Amino acid sequence: MAEIPVPQHMTAEEFRRQGRAAVDWIADYWERVESLPVLSRAEPGQVRGQLPAAPPEVGESFDAVLADLDAIVVPGLTHWQHPGFFAYFPTSTSGPAVLAELLAAGLGVQGMLWQTSPACTEVEQHVLDWLAGMLALPEKFTFAGTGGGVIQDSASSAILVVLVAALHRASGGQVGREGVERGRYAVYTSTQANSSLEKGVRISGLGASSVRFIDTRPDLSMDPDALRSAMKEDVAQGIIPVMVMATVGTTSTGAVDPVEPIGRTCREYGAWLHVDAAYVGVAAVCPEFRWIHHGVDAYADSYATNPHKWMLTAFDCDACYVADRESLVGALSVLPEYLRNSATDSGAVIDYRDWQVPLGRRFRALKLWAVIRCYGVEGLRTHFRHSVALAQQFAAWVGADERFELMAPHPLSLVCFRLRGPDEPNQRLLDALNASGRVYLSHTVVRGAFTLRLAIGGTATRYEHVAAAWDDISRIAAGE
Ligand code: PLP
């Protein structure tokens, strides 16, 4: 037989050398990121234009990859870890999270079944129980109760899977078997909710016309009376209210929907209540912010928050909880012969493949575990309190300047504000700020008015960065 060529891998020695270089690269990047323009100045096509048309036929050294990271990739990045990143919501990362990601990649396990890596499943179960306790979520969301937690890649995935579970429950499993009957079900959320519900509804086959966007109260939170009227009307027409998504911390302004009265209406009409707390939920680690979850205990069927946003866990990590794991597993479990195994058959284990869209899954729990262990619960509280205190200081500066108006309540770390008067000067202010390279803010529209959003929660953001941002805003607004 002809000799079979053996693949060439990086040697352990080379891996050690390059691994140190890569970790040094990251540490250097974090130290210098503040000196880079936060919003990328790349022109469309600029990055691709510098990449060779074809991949190398013969393997290169990893040094060459690191060199191109500096030369080609970094100039084409918007620096989410820059202390002046105030746009959207932050995706805060941290040393423990990055090191644990590296370890997870090195282990290279795939935890679709308990049996394919028991520790991958059990660490995840345990850490999500920890997190539930840290956020003072009810026991029903833990494995000690009837439910449990699972790490999804994103809040959008969480919304999709709980929607499918809600449909499963509402239809007694019929939707899973026969598909969705057109016009039979309705889903409710506020006009301020994230677009991910509409996406989930489209993917699930319900169709976008099944979503009822409920009006908000003056503070931009969902109006529970309007929700009740909408449900009543649907029921009168034979439409089944399948799920309500309440948002705790809307993307646009951070509004907190009143979960308790919403939950009472869900109970009355038999609808599933999902609480989307993607950004602010993690702040409930601090007892003084737990009011945001009022009503979750009594009424929520599912709940999700993203440690990858404000809780230093590095993208991606969404903690998704269900109160009744049977509805989720019932909706998503398909067991072909090739996945059968004795542990699954015993019924004594959790197979997370039944809790998500993909079959395979990576060991994301490792980074959440590392973050919680290395910061400690108290260290995380300090991070959240620091962000909130900085946001309150910023809001105080804005509020004291009569050229500006605050556009929404700002109890946590998002501040929505604008120059009084027409939209154009606000758009110009945002453009000038973002062109400065020192800060990056995003915008929204509040009650028809173009509004700037400043969200604080990045790992490196300190008082001086927020003060410098306010100084820039103030000077640009004055036409200096
Ligand atoms: N829900 C809320 C309230 C959000 O703020 C966001 C994103 O900012 C999402 C859902 C979507 O999050 P993801 O990117 O994790 O899907």
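Predicted model: local features only at pLDDT ≥ 70, side-chain atom pairs only at ≥ 80, totals over all residues.
## Strand β1 and its partner

Strand β1 spans residues 148-152 and is mostly covered, five of its five residues being buried. Its pairing with strand β7, which takes in residues 318-322, consists of five bridges, and the two strands run antiparallel.

Strands of a sheet pair through backbone hydrogen bonds, in either a parallel or an antiparallel manner. In this structure, four strands form an open sheet whose order is β8-β9-β11-β10, and the pairing is antiparallel. At the edges lie β8, residues 404-406, and β10, residues 442-446, each of which pairs on one side only. When direction is ignored, neighbouring strands of this sheet are turned against each other by 40 degrees on average.

The pairing of β10 with β11, the strand of residues 449-455, is antiparallel and extends over five bridges. One point of reference along this pairing is T444, which stands opposite T451 in β11.

## Helices on the sheet

Helix α15, residues 365-399, lies across β8, β9 and β11, and runs at about 15 degrees to β9, the strand of residues 414-419. Helix α16, residues 424-435, also packs on the sheet, where it touches β8, β9, β10 and β11, and its direction makes about 30 degrees with that of β11.

Helix α16 contains L430, and this residue counts as buried because its relative accessibility is 5%, against a cut-off of under 20%. If residues up to four places away in sequence are left aside, L430 touches L441, S442, H443, F450 and L452. L430 and R418 are separated by 12 residues in sequence, and their C-alpha atoms are 9.8 Å apart in space.

## Helices α9 and α10

How do the axes of α9 and α10 cross, and at roughly what angle? Helix α9, residues 224-236, and helix α10, residues 259-269, have axes that come within 9 Å and cross at roughly 15 degrees. Because angles under 35 degrees count as roughly parallel, α9 is described as roughly parallel to α10, and the crossing of these two helices is right-handed.

On the side of α9, the residues that take part are P224, L227, R228, M231, K232 and V235, and they meet P261, I262, T265, C266, E268 and Y269 in α10. The residues of this contact between α9 and α10 divide into eight nonpolar, one polar and three charged.

## Helices α6 and α8

Helix α6, residues 155-171, packs with helix α8, residues 196-204, at an angle of about 50 degrees, and their axes are 9 Å apart. The two helices α6 and α8 are therefore oblique to each other, and α6 passes α8 in a right-handed crossing.

From α6, the contact draws on S156, I159, L160, L163 and L167, while α8 provides S196, L197, G200, V201, I203 and S204.

Terms used: Residues numbered from 1 in each chain as written. Heavy atoms only, no water. Buried < 20%, exposed > 50% of the residue type's maximum accessible area, 1.4 Å probe, protein only. Pairing = 2+ DSSP bridges. Axes fitted to C-alpha atoms, helices over the stretch in contact; angles between N-to-C directions. Contact = heavy atoms within 4.5 Å. Parallel < 35°, antiparallel > 145°, perpendicular 65-115°, else oblique. Left-handed = near helix turned anticlockwise from the far one by under 90°. Nonpolar A, V, L, I, M, F, W, Y, C, P; charged D, E, K, R; others polar.
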